[in-house]
Structures are given as structure tokens and as C-alpha cells.
Amino acid sequence: MSERRDLLVEIGTEELPPKALPTLSRAFGAELRNALTQAGVTHGEVVLYAAPRRLAVLIKEVGTHQPDRVQERRGPAVQAAFDDDGNPTKAVQGFARSCGVEVSALERMETAKGTWLVFRQTVTGQPTRELVPAMVESALAALPIPKRMRWGDRKEEFVRPVHWVVMLLGEELIEGSVIGVTSGRHTRGHRFHHPEPLYLGEAAAYAPLLESEGRVIADFSARREAIRAQAMEAGRRLGGVAVIDEALLDEVTALVEWPVAVAGGYEEKFLEVPAEALISSMEGHQKYFPVVDDGGCLLPHFITIANIESKDIEQVRAGNERVIRPRLSDAAFFWEQDRKHGLECHQAGLKKMVYQDKLGTLFDKSQRVAGLAAHIAGLIGGEGPAAARAAELAKCDLLTQMVFEFPELQGIMGRYYAQHAGEPEEVCAALEEQYWPRFSGDQLPQSPTGMALALADRLDSLTGIFGAGLKPSGDKDPYALRRASLGVLRILVERNLELDLEALLREAQSQLPIAVDVADEVYGYMMERLRGYYHDGGFGGDLFDAVLARRPSTLADFDKRIHATRDFMLLPQAESLAAANKRIRNILKQAEEERSELAPELFTEAAERALSTRLLTLAEEVDPLFDRREYQAALSRLAELRDPVDRFFDEVMVMADDPRERGNRIALLRRMNDLFLRVADLSQIQGN
């Protein structure tokens, strides 16, 4: 067994793209780990390091030597390797020659498809230090970098210029060249705090040395949590709470090596501007963390993360305050100017914005959505006129200066401007709620008008884009129809709306300016998204198929059925009954033409009389439960059929010679099958 040592690889660069840094780090570590595994080199834990000027990986307990391995090459089949006299054919002679041996040195291997000649040789393992440079080069080449760059007169390419490379195996320097840079054992500290090289005596000393002497926290996660803690403490000292957006926290972490939180402030007059606009300006433009009070109201403070421990922190604070004021002034100007014009005045501008060539402008889309939203609102107890009005104004804020500068505020600013214009609160709220949910796990529309608008807008997009022949394919989804589908599904299911999705799709389709018939195709597309939705919720595909087979008219009903079926399958009687359902379905398929009314008086066997009596009694009890969609309670009662069903199949021959007996028994099974089918097709559930 070879000795084990820690392996360190560091690639020192100019500042890496902050949003890509975590992805690059994970990919680099995975590629090196896989390379060692494929080479048969043993290794332990993989520790990732990522900072603005470095990608590094520390792999613990790496074997210093690749083990010997047997290499095997398969040659021709024995029957093709020798002629009738037993002499080697040209085929096997050529194979042996390519292996550098005589035909007599080849071995035989028995397989299910016959006997083959093979060449086996023991390949001596190489020292790990000789393998690592090529592994690193390959790992860097495989990183997900959309666009690589060259620097100076070099031919090598990478995401940013590479200035140093460290490769250590324990205390030993691995000599080699990576991306045209010769490896060494000197890393670099902070660009300002410690620009001089730092000597690394061993791989394990990397992170502690960088932090203690180099003023670099190399561990991305540790640096991230240090920033969070500093920002929260700074917010507390300001008498508030720092608002930590996780995506912004990742980006800031990728921008600094030695984080230092600095608090700043701005004039209270800016608080007259909607908080969302100020926060977008602080987070998006300046990478600042806003501060709110205990009630969630914005305070005139911010927290920035400096990449240096300044001797004059006041100067750093003043500089950041000086930078933020013009940004906030812009937001205040947009807010003032936009309110001089009502949202309605932008409708004319929507006529100039093409949504899609075959589907017209955004104004045309708004008119279609208005009709569909009013229709949906009427079905869910909302107000049709309010939904139509919200749809007419829904896209108007896209033409405001504020949304042009901060696109992420669409809908939010629509709500503010509608409130300023005196629109009903139901309409104002719907302008923001139309975009909910924006992502997985996001909040759903609250008001009937908001739900109607959110559904109508997405359904129009789905049917329209499919009708225009632009349905998603592969990873391409330029109109975000996958997200639109999931939004519709979540609203229908989680808001428990008794709406017929197929009918809604047909209604949306009927309002398109092009004559198409895509409702069924869109429904199928959405059902695949629904399958994924329930899979994420822990429901197996067979459960989903069992309920889908009954094609419930509403997704609210679908949801009740799938939950009831899952709960039923957890009962001790479920496995036997599900297996019986499969058997019954097979029998009914064979006897499709044999149909007769159930006549209990014709039963001759005790087992069939017992099943018939229990089944008919239970049917009277569970039919009202099914009608009220109390599926779980109904299935729990039907679980009582297990014993009489098991006895029936043990003692009764269904396909009797007597046609009357056979028909009556088939009628009994059909009656039982129909009961269970009121919830789901249990025969589709696997594992029974």
C-alpha cells in the first residue's frame, strides 16, 4: 500500500467573474476528484477553496503511487482466429503483432457469446506526482467557461490570466507546467495587505497560512459566513437588521478576500421613494446590504463589504456614501417623473411593442388576457371588471423610467403607480401578484383578481407560443413556458381552485389571433411539469400515473386523489388490494365483451357471496364519500375488502364454464373495480 499525503492544487489568476466563482470551484474539485478515481489513486476528503484571485483544491490522504493494474485487450473470436487446420489467421496475427507478442501469448476468455482471444498485461502504476499536472490541465480545460481569453503573447486560454500555479503533494513540490505556467510552492496573499509571495512548506498549511499572514480567507463558505456575521452585527449597531439576499451574499463573497463591513447612511428624504426601488439600487448597483427596522421598514443606512482593512475607515464610509447618493437621486427622479403620467397613458406605447410576430403586440396580448382574466375571476368568485382592468394595466409599467432602469421592479412599480392614480386596491395588488410565483417556492397570488390575472397571462402565453410553433425544445425555452406552466399548476393546486384546466386552455386558445388547435398538446406538456411537481413532493411516478389515468377535471381534485392514494398505499391491506386490482383489470380486459348485471342471488360459492355482500354494503357507505371528494376516508373503508377479496381468488374460479356464473362473477369484479376507479387506477402502481 502506497503512502498517503495531502494534495494541494492552486491556480492563481486575475480577478475571476464573481457570479461564476462558486460554479468554477465546484467543477474544478469534481474534475480532480474524478481524475484521481479513474486513475485508481486512493484519496480522502476534497476541500474547495475559492477567492477572487484563486481556485484551489486540497484533497486529503492521496496515495503517492498509482497501483499496478491489469490491462486487457479483446481480440478476435477463437473461431475466427484459426483456420480448419488450427493455424492462426491473418486477423489474429495482426492483433498479436499490435500487442507486441506472439499468438501463443494470447489467452482465452469465455463469455456468453462465445470464446475470445485476449491480451492481458500488467501495467506498472506511476507515481502520483507524475500524473497530477496532466490531471490539472484536463480539469481546467473541462471547466464550464462560456468564453475563454488569451493574454500577452500566450496561446493558452483561461477565464482570466493565470499568474501562478502551486502543486504540492505533502511537502513535495510537483514540478510541471499548467496553462503555460511553471508550478512552484509560493502562493500570493492579499493584493494590498500582503502582495509578497508566501512560501508553502506543505499542502496542509495552505489555508491557515493565507489567513494568518496573507490576509486571505480562502474558504468560500467561511468567508461567506464571516460577511453575514459582520453585516448582521453592523445592522444591530445601527439599531436595525441587515437584509441579506443570498444571491447578493454569494456575489459579495466572490468579490473580497478579506471582508470588512462598513456602515453608511443617506438622507431620510430618499425614504419617500418606494423601498423596493432603493433596495434595487443599493443591491444591484452598489452591492450594498440594506437595513430595516424591526417592522421591516427601510432605514436610511446601508452596509458595504470592503476588501481591505483601512486605517481610515471614515474615508471608506464617506466614499461609499458619496457614490450611493447619485443612484438614489436617480431613483427619486424616476419616481417623480413617472407619477406625472398615469399608467393608462402607456397603453398606446404597448401597441408599438411586439410580443410575437404571429400574436401581435403587448397591447393585443393585454386585451386577450383581459377577457380571459374576467372569465376566470367569475369562476372563482372574483370580480370580472376588476380582473379585466388589471389586465389592461398589467404591462404598462414596462414603459416607465423606473422599470426601464430596474426591470426586476416590474409589477411592483405598477402597483405603486396604480395606487397613486386611485385605482381600486384589488386592481393595484393584482398588478404585482400577476408575476407570482416568480421562482420555485415563491409566494402565490393572494387576491381573486391577482390569481385570475396570473393564470390568464400564463395561459395566453402557453397556448399562443405553442400555437406559433415555438414550443420549448431541449434547454431552449426563450418564452419561459416551463416556469409559466409551474406557476399555473401551483396556483391551481395550492390555492385549491376548482377550475377545469383543459377548459381554460380551450378558452385561451379561442382568443388567439391565429386559428390553432393546441389545447391538448399544451395540456400534455403541463401534465409532465405536474409530474415533476409531485415528484419533488415525494410522490412516485406510478402514483401520478394512477391518478392521471382517471383524468380528474380539476387539479384541486387531482391533488386530493393523489394524497388519498398515497395514504391508502401505506395501509397494511393496500399491497394485497393493489395486486388484486391488477388481476381484476387483466380479467376484465379478457372479458371485455361479457357484460351483465350483477345478480347476487345467482352466486353459488360462499366466498363470492361474502365478497358480494361486503362490497355492496361498503358501496352504499363510500359512494357519498366519493361524491364529497373525501377520498381518503372512502379508500380506508374499502381496505376492509382485502380478506373477502383474497378468499374469493383462493376459492372461486372466475372464468367458469357456465356463462351465467362467469358473467355474474365478472360483473362482481367490475363493480369492485369501478369503486376503486373513482379515485385512481391502482393497477398502475408498481411494486405490487
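A salt bridge is a side-chain nitrogen of Lys or Arg within 4 Å of a carboxyl oxygen of Asp or Glu. The side chains of Arg531 and Glu528 meet this definition, with N and O 3.6 Å apart. The model is predicted. It holds 53 salt bridges.

| Pair | N to O distance |
|---|---|
| Glu15 and Arg191 | 2.9 Å |
| Asp460 and Arg368 | 2.7 Å |
| Arg531 and Glu528 | 3.6 Å |

**Glu15 and Arg191.** These side chains form a salt bridge. Glu15 sits in the loop between β1 (4–13) and α1 (21–38), and Arg191 in the loop between β11 (186–188) and β12 (197–199), so the bridge ties together parts that are 176 residues apart in sequence. Glu15 is partly exposed, at 39% relative accessible area. Arg191 is partly exposed too, at 36%.

**Asp460 and Arg368.** Asp460 is buried, with a relative accessible area of 3%. Arg368 is buried as well, at 8%.

**Arg531 and Glu528.** Both residues lie in helix α19 (residues 519–536). They are 3 residues apart, about one turn of the helix. Arg531 is partly exposed, with a relative accessible area of 24%. Glu528 is partly exposed, at 40%.

**A network.** Salt bridges can also share partners. Here they join Arg224, Glu225, Arg228, Glu246 and Asp250 into one network.

Note on methods
Residues numbered from 1 in each chain as written. Predicted model: local features only at pLDDT ≥ 70, side-chain atom pairs only at ≥ 80, totals over all residues. Heavy atoms only, no water. Helix = DSSP H or I, 4+ residues; strand = E, 2+ residues; numbered from the N terminus. Buried < 20%, exposed > 50% of the residue type's maximum accessible area, 1.4 Å probe, protein only.
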